[in-house]
Amino acid sequence: MGAVGGGRPAGLTSHGRARPPPEFQLLPPGPGGGHTQPVRTQVGIIGAGPAGLLLSRLLTLQGVDNVVLENRLREYVEARIRAGILEQHTVDTLTDAGLGDRLHREGLEHHGIYLQYPGTRHKLDFPGLCGRTVWVYGQTEVTKDLIGVQLDGGPPLLFGVSDVTPEDVDSDLPRIRFTDAEGIPQVLECDVVAGTDGFHGVSRPLVTEGGQGRTWERTYPYAWLGILADAAPATDELIYAWHPEGFALYSMRSPTVSRLYLQVDPSERIEDWSDDRIWANLATRFALEGWEVATGPITEKSVLPMRSFVSAPMRRGRLFLAGDAAHIVPPTGAKGLNLAVADVTLLASALVRLLRERQTDLVDSYSDRALARVWRATHFSWYMTSMLHRSGDDFDAQLQLSQLRRVCSSDTAARELAENYTGLPIEG
Ligand code: RFL
Ligand code: PHB
């Protein structure tokens with residue numbers, strides 16, 4: 001058998017599911033090396049990022065069978081350094097799904113952010129402005145927690161699969177062809193396919209192909225150089241700093257690990273950035289009388305492009321998109337992971353209603369409801385990005401500084417930022 005998670009034999013045990021679970025037997029090829037018998041499940045989920053893993057968890061809790069197919073290996077998926085900020089609703093969703101233990105033990109609750117421009121560092125107090133907080137808890141940790149519950153008696157999670165191909169998504173019996181980790185061709189028959197396979201996955205092209213969908217895109221003329229460092233953060237809250245030489249962000253992962261970013265040109269090569277050069281730039285951009293960036297060994301560094309992208313609709317027939325498969329935001333607003341969680345929260349309840357109650361109302365409205373939130377987050381991420389990154393144009397710089405002074409002096413302007421940053425209600 002291939003890389004079926006859980007260390008248990010192929011074939012599922014029932015956990016009070018709505019109907020008897022399928023036997024998920026990954027058999028060797030038949031005579032002549034052909035395909036094995038198709039396997040049946042209710043929801044075939046492509047991609048084991050936060051969106052796919054959480055969807056699987058939410059469906060399982062509601063008694064809906066599912067199988068998750070992931071083309072990378074577990075070690076890779078668990079090590080990918082990405083997001084760090086969880087909105088209140090994301091924390092609530094994870095907690096309600098039984099994933100709150102470590103998050104509440106090791107996560108850091110944050111009550112605001114600092115906005116900085118030369119000579120000024122101003123704290124936006126989120127509870128005072130909007131009654132909500134955010135949490136610092138790495139996406140790597142969210143992913144490990146989700147994989148942990150999945151492998152502990154959850155539905156099948158297959159790592160290292162290839163050639164994943166959704167088929168017949170316009171019918172009521174779509175299927176996913178794939179090759180398992182041992183090179184054996186498999187067929188998964190489903191009621192629904194969830195495309196949670198990220199920006200470069202195979203699902204979105206099926207929705208947009210043949211002019212059935214539409215996309216919107218903005219590529220920004222900047223990138224982020226991100227580092228992880230073994231250094232205790234020198235700040236209690238994240239610092240978003242505007243500087244004539246470019247934006248910088250001071251974030252963290254734990255009381256001993258800092259995560260910092262510098263705005264750089266997208267053409268910059270990471271090899272050209274020595275640790276000393278990175279720390280010198282951070283010191284310049286965060287400079288404030290009587291305060292210093294805390295340095296330490298850099299354990300990871302990379303250059304990340306920035307773009308906004310939205311694809312609509314988020315559905316074709318029985319194929320539903322969620323998370324980065326349907327939209328990308330620049331990281332300045334810390335929205336990507338949170339949007340993925342919001343999408344699958346909506347999608348899980350829509351699929352439960354379809355598969356258990358045979359009602360199509362929620363799946364029919366899923367795309368519109370998800371996209372309303374996606375566009376709000378897309379606007380907020382664009383606003384934060386535009387306000388904080390240097391374009392090189394001095395007129396733009398004066399507008400940015402005016403906007404920053406406004407947010408730092410007006411409760412109305414600050415509340416608008418705080419409400420969006422901490423996350424609007426999911427059904428909003
Ligand atoms: P993912 O995480 O990309 O997962 C998709 C999964 O699908 C797999 N896959 C396939 N599997 C099977 N068959 C195929 N054909 C497949 N093709 C792909 C992939 O291997 C992968 O495992 O998408 P998902 O689940 O939608 O989650 C989205 C988030 O990962 C993303 O939005 C965030 O990381 C964005 N983001 C941030 N979001 C926040 O909410 N807060 C933040 O503070 C934040 N900071 C960030 C970020 C993203 C960053 N980068 C790297 C762009 C900071 C950075 C630097
Ligand atoms: C992070 O910690 O990686 C992070 C925090 C806030 C952002 C983006 C990334 O806006």
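The model is predicted, and local features need pLDDT of at least 70, side-chain atom pairs count only at pLDDT 80 or more, while totals for chains, interfaces and linings use all residues. Residues are numbered from 1 along each chain as its sequence is written, and chains are lettered from A and ligands numbered from 1 in the order in which they are written.

Gln-150 belongs to helix 6 (residues 139-151). Helices (H or I, at least four residues) and strands (E, at least two) are DSSP runs numbered from the N terminus.

Next, colour the two domains. Domain 1 covers 5-86 + 141-215 + 309-378 and domain 2 covers 108-137 + 220-306 + 390-422; these bounds come from an automatic or database domain assignment. Their C-alpha centres are 34 Å apart. The contact between them takes 9 residues from domain 1 and 13 residues from domain 2, two residues being in contact if their C-beta atoms, placed from the backbone, lie within 7 Å. On the domain 1 side, strand 4 (85-86) and helix 6 each supply at least two of the touching residues.

Now show ligand 2. Around it are Ala-83, Gly-84, Ile-85, Leu-238, Leu-249, Ser-251, Arg-259, Pro-331, Thr-332 and Ala-334; a residue is included if its C-beta atom, placed from the backbone, lies within 6 Å. Each of domain 1 and domain 2 gives at least three residues to this shell. The shell has 6 nonpolar, 3 polar and 1 charged residues, where Ala, Val, Leu, Ile, Met, Phe, Trp, Tyr, Cys and Pro count as nonpolar, Asp, Glu, Lys and Arg as charged, and the others, Gly among them, as polar.

From Leu-238, move along strand 15 (residues 238-241). Both faces are covered: Leu-238 and Tyr-240 on one side, Ile-239 and Ala-241 on the other, are all buried. Strand 6 (residues 112-117) runs parallel to strand 15 over 4 bridges, and Gln-116 stands opposite Ala-241. Two strands pair if DSSP finds at least two bridges between them. Strand 16 (residues 248-254) is antiparallel to strand 15 over 3 bridges, with Leu-249 as the bridge partner of Tyr-240. These two strands form a hairpin with 6 residues between them, and Gly-246 in the turn has a positive phi of about 130°.

Last, select Ala-194. Leaving aside neighbours within four places in sequence, Ala-194 is in contact with Val-43, Ile-45, Ile-46, Gly-52, Leu-55, Phe-320, Ala-322 and Leu-347. Ala-194 is among the members with the most contacts to other members in the largest nonpolar core, which has 113 residues. Such a core is a set of buried Ala, Val, Leu, Ile, Met, Phe, Trp, Tyr and Cys residues joined through C-beta atoms within 7 Å. Helix 9 (residues 336-357) gives its largest share, 14 residues. Both domain 1 and domain 2 contribute residues, so the core lies between them.

Notes:
A residue is buried if 20 or more other C-beta atoms lie within 10 Å of its own, exposed if 12 or fewer, and partly exposed in between; C-beta atoms are placed from the backbone.
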